[in-house]
Amino acid sequence: MSRRILAIAAALVGLALAAFGAHAQKQSSLDLSQAVVVAPSADPVVATAATMLREEIEKRSGVKLRQSSTRVDGPAIVLGVEGTLVSGYALAQGQAGPPKLADGFAVHSGDAKSPVFVIGHDPRGALFGVGRLIRMLDLKKDYVALKNNAHVVTAPKYRVRGHQIGYREAANTYDLWTLDTYEQYIRDMALFGTNTVELITSLDPAFKEGKVMQRNQWDMNVDLTKLLKKYGMDVCFWMPLDGDVRDPKVAQQELDDRAKFFAACAEINDIMVPGGDPGRTHPQDLMPWLEKMAAVLHERFPKAGVWVSNQKFSPEENDAFFAYIRDKQPAWLRGIVHGPSTPGTVQENRDRLPKQYMLRTYPDITHSLRCQFPVPSWDRLFAQTLDREAPNPRPQDEAVIARVTSRGSDGFVSYSDGSQDDLNKMLWSALAWDPDAKVEDILEDYGRVFFGVDVAKDAGRGLQMLEDNWRGDALRNRGINKTLALWERVGAKSGERLADNWRYNMYLMRAIYDKYVRVRGTAELSYEKEAYAALKRAPKTGAVEAIKSARAALAKTDTEKPGVALRQRLVNLGPKLLKEIGYQLSMDPPYLAKSPERGAILDKLDRPLNDRLWLETQFTKILAEKESKTQLAQLNTIVNWENPGAGGFYDDLGRAGHEPHLKGQLPYEQDPGFLRSPHDAYFRSMNNNTKEIEPLKYSWMDCSEAGETTPLDLSYQGLDPKAQYRVRVTYYSRYRAEMKLVADGKYEVHGPLKQPDPVWPVEYDVPKAATADGRLDLQWQLVSGRGVQVAEVWLLKKAL
């Protein structure tokens, strides 16, 4: 037989196999493009769920399903609460009903002749069943399908699964949202099992906050309570107490203001009052006043609960707080909230709380630094550009945080200040429903419902890669380029479908920004190395000529403009994200962000990524010196800044990989909030009002921080027992705490010391007895202030 005939035969067999595979694929799925949604019309939440199902399918496929409240011939999606299905429909033998637990549901598909069932234990369970069905469907243009014999019977493990999406200026997107935007986002969260939404309002009916808010807070929040009631969501208000309730008139006015607001709302299930952050009312005054507030609340909403947090409580306040709960056993209290700056762990608080009360967490999933759960070992260039509220998908980190902090709790309501944490919200809700769910599966579901079935896996992988971009040294992370390439492929494969998709554009922006920082950072580091090389030649060329050459090297970024094409792409994406989701990416018009750290990442596009600003200030000072000997000596200090000399050591604390003597780090999985471990912390160098950048050395803008009263420890070995050592320290941090330094736990190196001003390293002799055994432990202890923070440490061996 000729090769040509063999080739033709092989091709025919391949076509036959492909056709058979396509036929088998169709046979394994139910085509629901002509299905009717059959649901009773009596329950408003079930009716809302039916509308949500039809509309969300249409958005993703273009297919508009019909709806009926009576039995139909042909394919059907039967929706309802167990025991109240439309007459003529019943589960097939072997198909289990929903678990008899709040929010539980069952989803079942059979063969082509069987209806698809979505049955809730309660109305909200039906809503969550719809959400799961949407995650399961194969939705393409003009096509709606579900696998045959798909069965999901489930109920959530944690009772409270919520997110704060407050209509306020501090949020970098929410204050530009309309009711329609909120409704879509409520639906999006419902897909992953969110059952609580926490709102924030002013108690002044006419108050409108900031420059972009279109409605006053009161009216928007009243309308949001109506909207959330329609979806059966629990409505919670985050409501700090500002007034001094020790004054009877103030106390009564605070109650009256709340009574008016409660009366205007359609639904309130919970009020959360932070004891601190903000708020500074002592528990002995706070708790009796809350009892009165609860009575006012119950006049309008008898079943509503009151929650209170012990954030920023002193040990004495915390003891008084738990003593009140233990001794009074208040019936009006639903539970306590463990949030940022709450003393102790979740479990420690649970152990102090009587069993009848609930405990929920208030995790900060929105911020990347200067927060409860900072990005571990973040590159300093990202910290100074992407800052606090950049798009921050952190699937692996957030999964660790969720699993660790959920132990001992009844669930969570997250702290969120914008859309940048969108993935984190969905992940937390999904894991609170099923803590054993695989993160990869949640990411793929996220990709399916928000980007499309055809790119779901790639999108899920791209989200994980964005987190990996923030691992380690940005300039050495080659994965950053691959991440952008992947997101570009997702966009290309989707055609125009994702052109106006805010989630896609947000993650694309992050991928571009990461590469931009890497490209520009690499270039500017090379310019800085060239500048330092010029400064090293100063003994031969003279200080003036050396500085001139160094300035020319640093100025190359102005003419060579590294990353300029990437920069322009970021600028072009800004208006799209403002229009699509209200992302305020700059303080300048048209964005009008509240401050640079509130998501205004476009304001940092031209921030130097080397020490140019600091060097320029030093050059100016040096050139003002009249003696060339002094000029050369000061240049020598700059050139040898990190050099500890023979037998010495240098730690750039706060810079991962450059702090070898730092001790006490626990595995991230054990302490993701760094309650017992030191972590890298970052100073905000851009003024939050003027955008002016303080000309600080990069090694000063990050530091090692030990939380609360925990000391900070460095340990050295292999020292010369006969030598005299001296320690040099740079103290610079936002806490400006008062600290003392102790060697080997008993030798005082220096007593209580506040941060020097202006910033510059200080030096102290180390007692010889501390190093006589060839080892040295240095410990910084908090005297007063918020926490220990240290930027740089040199251990210098003094010459004999």
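Figure 1. At 5% relative accessibility, Asp188 counts as buried (buried means under 20% relative accessible area, exposed over 50%, partly exposed in between, with a 1.4 Å probe and protein chains only). This is a predicted model: local features need pLDDT of at least 70, side-chain atom pairs count only at pLDDT 80 or more, and totals for chains, interfaces and linings use all residues. Residues are numbered from 1 along each chain as its sequence is written, and side-chain values use heavy atoms, with hydrogens and water left out. Asp188 sits in helix α4 (helices are DSSP runs of H or I with at least four residues, strands are runs of E with at least two, both numbered from the N terminus). Its side chain makes a polar contact of 3.0 Å with the side chain of Arg503. A polar contact is a pair of N or O atoms within 3.5 Å; within protein, one must be able to donate a hydrogen and the other to accept it, and residues adjacent in sequence count only if both atoms are side-chain atoms. Leaving out residues up to four places away in sequence, Asp188 touches Met426, Phe450 and Arg503 (contact means heavy atoms within 4.5 Å).

**Figure 2. Helix α4 along its length.** Helix α4 covers residues 179–190. At 1.5 Å a residue, its 12 residues should span 16 Å, and the end C-alpha atoms are 16 Å apart, which agrees. The expected span is 1.5 Å times one less than the number of residues. Buried residues of α4 include Tyr182, Glu183, Tyr185 and Ile186. Arg187, Met189 and Ala190 are also among them.

**Figure 3. Helix α12, enclosed.** 12 of the 12 residues of α12 are buried, so the helix is largely enclosed by the rest of the structure. Among them are Trp428 and Trp433. Helix α12 (residues 422–433) should span 16 Å, and its end C-alpha atoms are 17 Å apart, which agrees.

Figure 4. Ser416 is found in the loop between β17 (411–414) and α12. At 1% relative accessibility, Ser416 counts as buried. A 2.6 Å polar contact joins its side chain to that of Tyr174. The Ser416 side chain also reaches the backbone oxygen of Gly418 at 3.3 Å. Apart from neighbours within four places in sequence, Ser416 is in contact with Gln164, Tyr174, Thr366, Asp421 and Lys425.

**Figure 5. Arg124 in helix α3.** Arg124 lies in helix α3 (residues 123–136). At 15% relative accessibility, Arg124 counts as buried. It touches Val45, Asp103, Asn195, Gly232, Met233 and Asp234, not counting residues up to four places away in sequence. Phe105 is 19 residues from Arg124 in sequence, and their C-alpha atoms are 9.0 Å apart.

**Figure 6. Asp606 and its arginine partner.** Asp606 is in the loop between α20 (564–581) and α21 (612–623). Its side chain makes a 2.8 Å polar contact with the side chain of Arg567. Beyond residues up to four places away in sequence, Asp606 touches Tyr516, Arg520 and Arg567.

**Figure 7. The second largest pocket.** This pocket has a volume of about 920 Å³. Of its 32 lining residues, the closest to the centre are Arg380, Leu525, Glu528, Glu642 and Arg655. Two or more lining residues come from each of α10 (380–385), α16 (502–536), α22 (628–639) and α23 (698–701). Helix α16 gives the most, with 7 residues. The lining divides into 11 nonpolar, 9 polar and 12 charged residues. On a 1 Å grid over the protein atoms alone, a cavity is a set of points where a 1.4 Å probe fits but cannot get out, and a pocket is an open set with protein on both sides within 12 Å along at least five of seven lines; lining residues have an atom within 4 Å of a point. Grid points are joined across faces, edges and corners, and a volume is the space filled by probe spheres set on the points. Ala, Val, Leu, Ile, Met, Phe, Trp, Tyr, Cys and Pro count as nonpolar, Asp, Glu, Lys and Arg as charged, and the others, Gly among them, as polar.

**Figure 8. The largest cavity.** The structure holds 5 cavities of 30 Å³ or more. About 80 Å³ of space lies in the largest. Of its 13 lining residues, Tyr731, Ala737, Met739, Gln755 and Gln789 are the closest to its centre. Strands β25 (747–753) and β28 (788–790) each supply at least two residues of the lining.
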